[in-house]
Amino acid sequence: MFSKTPKTKSSEKREAERADERALIQRCKDGDVGAFDELVSRYEKRVFNYAYRVTGNYHDAWDVAQEAFLRVFNSIHTFRGDAVFTTWIFRIITNVYLDERKKSKSHRQTSLDDYIELEENSVSRQIEDDGPTPDRIVEDRERDRIVQNAIDSLPEYQRMIVTLYHMQHKSYEEIAEILQLPIGTVKSRLNRARQALQEKLESEPELFG
Amino acid sequence: MKCEKAQDLFSSYLENDMDSAQRSAFEQHLAECPSCEARYDRFHATVMLLEETPEVKTPPAFHSAVMMRVEQARHATPQRVRWWDIDWQRMFTVQVRAKAVAAGVAVMLILGTVVMLSPVSNITAGLFPGRGDATNIGENVEAPPGPLPPYTYRGVEADYALPGSGMNLSVTVQSTQGQGGVYDLKLEPNGNSSIDYAVYLRSGAPGSSPISEGTLGAGHGARIPVIVSEPTRTRAVVTEIEWTYEGRRHTSYVFLPSKFDQDAATRELSVSLRGADLYEAVGKVSAAYGIVIVSPGDLGDKQLDVTNQSGAAQLVLSRVTNEAGMHWQKLGSSIYAIQR
């Protein structure tokens, strides 16, 4: 049985973090560029990763992520303090991505030559504690590429839903809010996406070995 | 329970999002259907794999690139040309020539706005430091640590030393997407003299204030972003640059099409140039083909003896410049200069 474990934090800690973020956002709204710099630091990994998984390549991810931050900067004055910031920022990235898709029909594939560096604390490392061996690094990258290719083959919305759910750890409710879809639709599309990926990945036996 | 129905429930089962009756029915089906059971196992494995997908590292220069664009956004001041700046008197004079120009100008200003503003939906952010990006005059840019990803700067650019004038002009086409054109003009002295300059929107109302002015010194240039948002193919936006070098006044025009076409060289089009003088003709060619044209600021107002032209951009440009006793030079992809 697969259950989603929320981050184990005390509710006080979470509340303190939320208050801290609200203060930071307020400083951004007041025009404090240093605060915005801090905001970029806090969100760039999430933003870039989401952009990378949905665009499927490094270059487009760079463009989408950068444009998203710029839009955040230009419209942060419209952000209502009581709303959820991550939902808002993911809405923006999604819109940037969809806008960009409308304009250019090019679909660039990631190749192994692209300089993709994976975070070393990835779960796939399993038991080797001394750090990944070079073979292991290549294996991880190869595996990541196979998975990304499979994700690339999905239709847009399924790609976004898979990424938001599995990589960004968003709940169904949050995804529904981000993509402006009914929750039922999100659930059924995720189910469909998972099965489509399953079929695509079935031909790669080493993944399930 | 049918197989299809069971498969629709895979996620719900995995996430324990079922009532007990449904769960029993589902488990019953798996017990009876080896195909679905195997399928569910692989489904489960796929989901676990997705959950284990590692994050990719953010490129080291990403943060600085974002902040640089943010700085641009902060420092650019939007200037709109308002309708009350237009000289309506001149607009409706009987002179055919003036009306033709003015009408075009009016269309441009009323229907669209020419806004000099940096933050745009500029997807081609060519702000990767140290990668041949020419937009960093006078800005402190740190080289990013670590290996650089293979990022290609997507901008068309040309440099042009305006003849005998001590001034070097760079035109960078930042973005060709969307409806408009986004350009960066950069002025730099090519000697040691300091140069007083002013840049006007020539297609704006006469007597309007400059969009940029100041003094250029050695190694210290000026950067003027210009965005053309009006999607017209009949008029170009014309910026006029005036400067003083060694006591002499110089002017130059830069014709900027709203829809820049990097592949203009291959296109064959028809352009109507009846009754146009050189200034108008160059504007029409620029707009129709989507090419940038730099010209001297004194084009005269003699009507050219050209009517309708068709062909490739360079051919039409040849005909127009020959008529006026000038010649053209290619500076870059779809960027040209005309000279005497």
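Predicted model: local features only at pLDDT ≥ 70, side-chain atom pairs only at ≥ 80, totals over all residues.
I begin with the cores. The largest nonpolar core holds 68 residues, and those touching the most other members are A:Phe36, A:Leu39, A:Phe48, A:Phe69, A:Phe85 and A:Leu179. Helix H2 of chain A, residues 33-55, contributes most to this core, supplying twelve residues.

Let me return to A:Phe85. Leaving aside residues up to four places away in sequence, A:Phe85 is in contact with A:Glu21, A:Ile25, A:Leu39, A:Tyr43, A:Val72, A:Ile76 and A:Phe79.

I turn now to the backbone. Most residues other than glycine have a negative phi. A:Gln180, however, has a positive phi, near 55°. This residue lies in the loop of chain A that runs between helix H7 (172-179) and helix H8 (183-201). In chain B, the phi of B:Glu246 is also positive, at about 50°, and this residue is not a glycine. B:Glu246 sits in the loop between strands E8 (237-245) and E9 (248-256) of chain B. Is B:Glu246 buried or exposed? B:Glu246 is exposed, its relative accessible area being 61%.

Finally, chain B as a whole. Its secondary structure consists of nine helices and 14 strands. Chain B has 340 residues, of which 53% are counted as buried. Among contacts in chain B with a separation of 6 or more, 63% join residues 24 or more positions apart. The accessible surface of chain B is about 15,500 Å², and carbon and sulfur atoms account for 47% of that surface.

Conventions. Residues numbered from 1 in each chain as written. Chains lettered and ligands numbered in written order. Heavy atoms only, no water. Core = buried A, V, L, I, M, F, W, Y, C linked by side-chain atoms within 4.5 Å. Buried < 20%, exposed > 50% of the residue type's maximum accessible area, 1.4 Å probe, protein only. Helix = DSSP H or I, 4+ residues; strand = E, 2+ residues; numbered from the N terminus. Contact = heavy atoms within 4.5 Å. Areas by Shrake-Rupley, 256 points an atom, 1.4 Å probe, with all protein chains shown as cover.
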